[in-house]
Structures are given as structure tokens and as C-alpha cells.
Amino acid sequence: MNPEHLLIEQSGQEFVKIGGYILPAEDFNLARFLRDDLGVSWLHAGGIISTRQLLKELDVRPGMRVLDMGCGVGSASRFVAANTKAEVVAIDFDPEMIRRAREASGPRSNIRFEVMDVVRTTLPSNSFDRIIIQSVACFTDKVPLFREAARLLKPGGILGMNEVTWLQPPTEKVAKVMCATICETFRGALLASEWKETLHEAGLVEASHTEYPFDASTPYQILREEGVVKTAKVMWRVFTRPEINMRLSAMSDFFKKCPEYFSYAIYTARKPEAGAENQE
Ligand SMILES: C[S@@+](CC[C@H](N)C(=O)[O-])C[C@H]1O[C@@H](n2cnc3c(N)ncnc32)[C@H](O)[C@@H]1O
């Protein structure tokens, strides 16, 4: 179904009509909704499942230095630190995200959170084996972000990224519906070919990607990501706050009706080995 058909006008104002629900045709901040209204900590498409996929592709090993750029409340950073025994540095420019990330992590020796802009970090060049970017590049200037990642990676180091990806070029109306129904992040989404070109433009090489269907979290996935106590709290919020229930139902309906327009994709790209740029 073409999402444009979901855009309606009432009394001179635009709305998105999906299922039995009517949403204002305004950009929606999904990360804040997930964090503050729903109370969950995985703030990117695919949640723990996509982070597992990403880590598999990155082959993170004990002792490696890993940077999580735009870490949010640090769910993926903690997951990497706990499951790989790598040294993790995690940065976000929102002090509230970092406060919550530190609070949730407790005194863990192999993880450090810092308030920092991902485009202008004060971290030393050539200092990370792996970099993770999940649902952040859509919100930032892409080439400067990827150039900064390239600067921070050691030669031969790998960037792994999870970003929302258009499956076909959107019209202005399609983008408006997506941003109102799912997340304003779609303003900055690209086609997979464009994401890879942008990675190459920043000096990274061998960009590749795999697409996955964008889907709503099931209660079982939330249970695996958040544990029993937090899942019970999430469920309580869903059942007692109609506006949360409405938003989730509208999203879920949208995922079913318009899957051919968007996905999330996992990208990897490598920093060339030192001197490789001079080789024929
Ligand atoms: C959708 S959330 C994703 C958080 C986390 N990567 C995750 O997957 O759970 C986007 C995050 O990017 C951060 N962010 C956006 N632009 C940034 C920038 N220029 N510098 C640092 N953080 C940024 C936001 O504060 C937010 O925490």
C-alpha cells in the first residue's frame, strides 16, 4: 500500500489515518517515546536481534577497543562489554542519555561513557578496532560523521552500522507519513546504495550491507531485551495508558501495510590498511 493514501486533511490540518487511529502529521521522536513513555532501553530498529547480527559481522574479540557512537542509554554498549570482554567507550551528546547509561551499567571495568558530539570527538586518531553506529547517522551530517569514524578507527578497523533504509525513493508525502507514524529518523534515511556511497566518500572501503524487515517488537523480544521486571512495567504502561497503546497499534498496522517502502540494514565498511591508498 502506498503510504500517501494514509494522509488526510481535516479542518485545514493534515493527519495520518492508520487502522482506526488518527495521528498528527508531525515528526515523531521514537527514541524519546521508547525511553520515556514505554521505558525500554534498546532505541534502534531490530533491538537486541540487530545488535547480535551486527556483532557477528564485526567479529569483536576480547581486548579489542570498541567505540559506540551515539550510544543512547547504552544498551548495546553494555551488551558488547558483557559478551565480548572488549574495552568499550560509548559517547552521546545528550547528558540525560549518558546519565541513564551510567546508572544502568553500574561499576563495570571495561566500559566508559562520555558526553560528546559524534561528529567532533576529542578521542585520539587510530585508536579503535571496531566502531558501532546504530540509528544515529540519520540524525547527523553523514559525511562528517563517517570521516570522524574513519579518523578514529585503526588501519584495517571496521565500522558496523544499523540504519533505517529506504527500499525505494520516497516522495515528500511518503516521507511525511513515515516521520509521523514511525520516526522522524526517516528524514535522514537513504537508499542502501546511497549509504554505501556516503561511507566510501568518507574514506572507508568495501562497504556492504544486508537488509532486514523493520518490525514491531513483540512482548517476547521485550522480555529478552529487558528482563521480567522491566517487561512487566512496560506491559503495565501499555495497558494503562491508551495513548501508548494507540501509538504501538498504529505502528504495528503500518509495518504490516507498507513493508515495501523501508527496512533497516546492517552495513560494514573498513578503514584501509596504512599505505594501502598508495598501492595500485
Ligand atoms: C535513536 S537513538 C539510538 C541510541 C543507541 N545507538 C541505541 O541504538 O540504542 C539516537 C541517539 O543518537 C544521539 N545523537 C544524535 N546526534 C548526535 C550527535 N551529533 N552526537 C552524539 N550523539 C548524537 C541521540 O542523543 C540519541 O541518543
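This is a predicted model: local features need pLDDT of at least 70, side-chain atom pairs count only at pLDDT 80 or more; totals for chains, interfaces and linings use all residues.
User: Why is S127 called buried?

Analyst: Buried means under 20% relative accessible area. S127 has a relative accessibility of 10%, so S127 counts as buried. S127 sits in the loop that joins β6 (111–115) and β7 (128–134).

User: What makes R65, L152, L153 and K154 contacts of S127?

Analyst: Contact means heavy atoms within 4.5 Å. R65, L152, L153 and K154 meet that condition with S127, once neighbours within four places in sequence are left aside.

User: How do you know whether V40 is buried or exposed?

Analyst: The relative accessible area of V40 is 8%. The limit for buried is under 20%, so V40 is buried. V40 is placed in the loop between α1 (30–38) and α2 (47–58).

User: Which residues does V40 touch, not counting those up to four places away in sequence?

Analyst: V40 touches L34, R35, I222, E226 and V234. Also, V40 and K233 are 193 residues apart in sequence, while their C-alpha atoms are 9.6 Å apart in space.

User: What is the relation of α5 to α7 called, and why?

Analyst: The axes of α5 (residues 142–152) and α7 (residues 192–201) cross at roughly 55° and come within 8 Å. Roughly parallel needs an angle under 35 degrees and roughly perpendicular needs 65 to 115, so α5 is oblique to α7. The crossing of α5 past α7 is right-handed.

User: Which residues meet where α5 and α7 are in contact?

Analyst: From α5 these are K142, V143, F146 and R147, and from α7 they are W195, T198, L199 and E201. By class, the contact has 4 nonpolar, 1 polar and 3 charged residues.

User: What makes α2 roughly perpendicular to α8?

Analyst: The axes of α2 and α8 (residues 219–240) come within 8 Å and cross at roughly 65°. The range for roughly perpendicular is 65 to 115 degrees, so α2 gets that name against α8. In this contact G47, I48, I49 and R52 of α2 meet Q221, R224 and E225 of α8. They divide into 2 nonpolar, 2 polar and 3 charged residues.

User: Why are β1 (7–10) and β3 (21–24) called edge strands?

Analyst: The open sheet has 3 strands in the order β1-β2-β3, with antiparallel pairing. β1 and β3 are its edge strands, each pairing on one side only. On average, neighbouring strands of this sheet are turned by 45° against each other, direction ignored.

User: How do you know that β1 and β2 pair?

Analyst: Two strands pair if there are at least two bridges between them. β1 and β2 (residues 13–18) are joined by 4 bridges, so they pair, and they run antiparallel. E9 has E14 in β2 as its bridge partner.

User: Which strands does α6 (residues 172–181) touch as it packs on the sheet?

Analyst: α6 touches β1, β2 and β3, and its direction makes about 70° with that of β2. Another helix, α9 (residues 242–257), lies across β2 and β3, running at about 100° to β3.

User: What makes β7 mostly covered?

Analyst: In β7, 7 of its 7 residues are buried.

User: How many bridges does β7 form with β4 (residues 65–69)?

Analyst: β4 and β7 pair in the parallel sense over 4 bridges, with L67 opposite I131 in β7. β7 is also joined to β8 (residues 153–166) by 6 bridges, again in parallel. R130 stands opposite I158 in β8.

Terms used
Residues are numbered from 1 along each chain as its sequence is written. Side-chain values use heavy atoms; hydrogens and water are left out. Helices (H or I, at least four residues) and strands (E, at least two) are DSSP runs, numbered from the N terminus. Buried means under 20% relative accessible area, exposed over 50%, partly exposed in between (1.4 Å probe, protein chains only). Axes are lines fitted to C-alpha atoms, for helices over the stretch in contact, and angles run from 0 to 180 degrees between N-to-C directions. Angles under 35 degrees count as roughly parallel, over 145 as roughly antiparallel, 65 to 115 as roughly perpendicular and the rest as oblique. A crossing is left-handed if the near helix is turned anticlockwise from the far one by less than a right angle, and right-handed if clockwise. Ala, Val, Leu, Ile, Met, Phe, Trp, Tyr, Cys and Pro count as nonpolar, Asp, Glu, Lys and Arg as charged, and the others, Gly among them, as polar.
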